[in-house]
Structure formats: C-alpha cells, structure tokens
Amino acid sequence: MIPAQRWLPTPVLSILLLVVWLLLVNEVSVGHLLLGTGLAIVIPLLTRRFWDVQPDIGNAFKLLRFFLRVVGDIIVANLQVAWIIINPWRRTRPHFVEYPLTLEKRFTITMLASTITLTPGTVSANVRMDGKTLLIHALDVEDDETLIRTIRERYEMPLKEIFEC
C-alpha cells in the first residue's frame with residue numbers, strides 16, 4: 001500500500017482545494033465531489049516539487065498568541081496611520097531602518113518580513129543576500145533603536161520560539 005504522505009503530501013491544502021471547488025461550482029453532488037477530490041489529490045502532487053519543506057511548529061499556543069498579537073498590532077497601527085492622515089499639520093518622520101536579523105531559516109525570515117509589511121506604517125523593503133539584515137521603511141520613526149527593539153521583542157523572538165527551537 002502507498003503511504004498517505006506520498007499521494008496526499010499536503011492534506012490541509014487538499015481539503016481547502018476541495019472546499020473551494022465546491023464553492024465555485026455552487027453545488028454538492030456526487031460528480032462534483034469526485035472531480036473536486038481528484039483535483040484536490042492531483043494538484044498538490046503536481047506542484048509538490050515547487051514547495052519548500054513545511055516548518056515544524058514548536059508550540060501551537062505560542063503561534064495563536066503571536067497571531068492575536070499581530071492582529072491587535074494591525075488594528076492599533078491602522079488607528080495610528082489614520083490619525084497621521086487626518087492631522088496633516090503633524091510632521092511625520094519617515095525613515096529606512098537596517099534591522100539586524102537573528103533568525104536563520106528562510107521561512108521564519110519571510111514570516112517576519114510579511115508581519116512587518118502587514119502592519120500599517122511599515123514595509124519590509126529588502127532582505128540582504130546574506131540573510132543577516134532586513135531593510136524596513138517606517139512611516140513615523142522617533143528612534144531607530146526603539147523600532148528595532150520593538151520588532152525584536154514583539155515579532156522576531158516569538159517567531160524564533162515557534163519555528164526555530
């Protein structure tokens with residue numbers, strides 16, 4: 001018998017593909033279930049070689065806590081950016097900051113860069129080829145060291161605990 005890992009390399013993606021297929025056709029019938037299931041098995045098999053190795057999650061509770069922190073930070077940052085926009089007389093201090101990375105895995109660095117970009121008012125602009133620094137543009141920066149310390153404590157260290165331990 002063929003192990004499930006070989007013919008179903010990403011079961012969550014397969015389930016998601018099946019659900020999306022059924023939502024697209026807007027009908028649940030035997031034919032659509034069979035076709036959707038076939039697509040849900042074949043598509044991940046055909047695209048498997050393009051995917052990176054899936055990371056191991058060290059602690060699911062810490063991942064949930066990180067997710068809630070990011071959502072809260074996005075809400076607060078939205079309010080801060082809105083305040084900057086409705087107060088045009090207030091001078092902003094846009095600035096590029098070189099952020100020294102302590103992360104080592106590409107996936108974790110990508111997660112950090114995506115988290116920074118998701119937060120309004122900050123954009124991760126570039127990761128150096130050596131993977132040791134991240135160039136960040138921030139809309140309103142008082143102090144480079146404060147921004148670096150905040151990102152390290154709020155995002156980088158939790159990501160390191162979740163994915164690199």
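**Salt bridges**

I started with E98 and R128, whose side chains meet in a salt bridge at 2.4 Å, N to O. My cut-off for a salt bridge is a side-chain nitrogen of Lys or Arg within 4 Å of a carboxyl oxygen of Asp or Glu. The pair links distant parts of the chain: E98 sits in strand β1, R128 in the loop between β2 (122-127) and β3, 30 residues apart. Helices (H or I, at least four residues) and strands (E, at least two) are DSSP runs, numbered from the N terminus.

I noted the source next. This is a predicted model, where local features need pLDDT of at least 70 and side-chain atom pairs count only at pLDDT 80 or more, while totals for chains, interfaces and linings use all residues. Residues are numbered from 1 along each chain as its sequence is written, and side-chain values use heavy atoms, with hydrogens and water left out.

E98 is partly exposed at 36% relative accessibility, and R128 is partly exposed at 38%. Buried means under 20% relative accessible area, exposed over 50%, partly exposed in between (1.4 Å probe, protein chains only).

How many salt bridges does the structure hold? I have 6. One of them joins D140 to R93, with the closest N and O atoms 3.3 Å apart. D140 lies in the loop between β3 and α6, R93 in the loop between α4 and β1, and 47 residues separate them. D140 has a relative accessible area of 26%, so I logged D140 as partly exposed. R93 is also partly exposed, at 35%. Salt bridges that share partners join R93, D140 and E142 into one network.

I also looked up E161 and K62, which form a salt bridge at 3.3 Å, N to O. This pair ties helix α6 (E161) to helix α4 (K62) across 99 residues. E161 is partly exposed at 34% relative accessibility, and K62 is partly exposed at 27%.

**Helix α6**

Where is the kink in α6 centred? I found it on R152, at about 40°. The bend at a residue is the angle between axes fitted to the seven residues ending there and the seven starting there.

I listed the buried residues of α6: L147, I148, I151, Y155, E156, P158, L159, I162 and F163. They pack against α4, β1 (95-100), α5 (106-118) and β3 (133-138). Contact means heavy atoms within 4.5 Å.

**T108**

I moved to T108, which is in helix α5. Is T108 buried or exposed? T108 is buried, with a relative accessible area of 1%. Leaving aside neighbours within four places in sequence, T108 is in contact with L103, L159, F163 and E164.

**Surface patch**

Last, I turned to the surface. L64, F67, L68, V71, I75 and L79 form a nonpolar patch there, with about 590 Å² of accessible area together. Patches are made of residues with over 30% relative accessible area and no salt bridge: like charges are joined within 9 Å, nonpolar side chains (Val, Leu, Ile, Met, Phe, Trp, Tyr) within 5 Å. Accessible areas come from the Shrake-Rupley method with a 1.4 Å probe; for residues, only the protein chains shown count as cover. I looked up L68, which lies in helix α4 (residues 60-86). L68 is exposed, with a relative accessible area of 51%.
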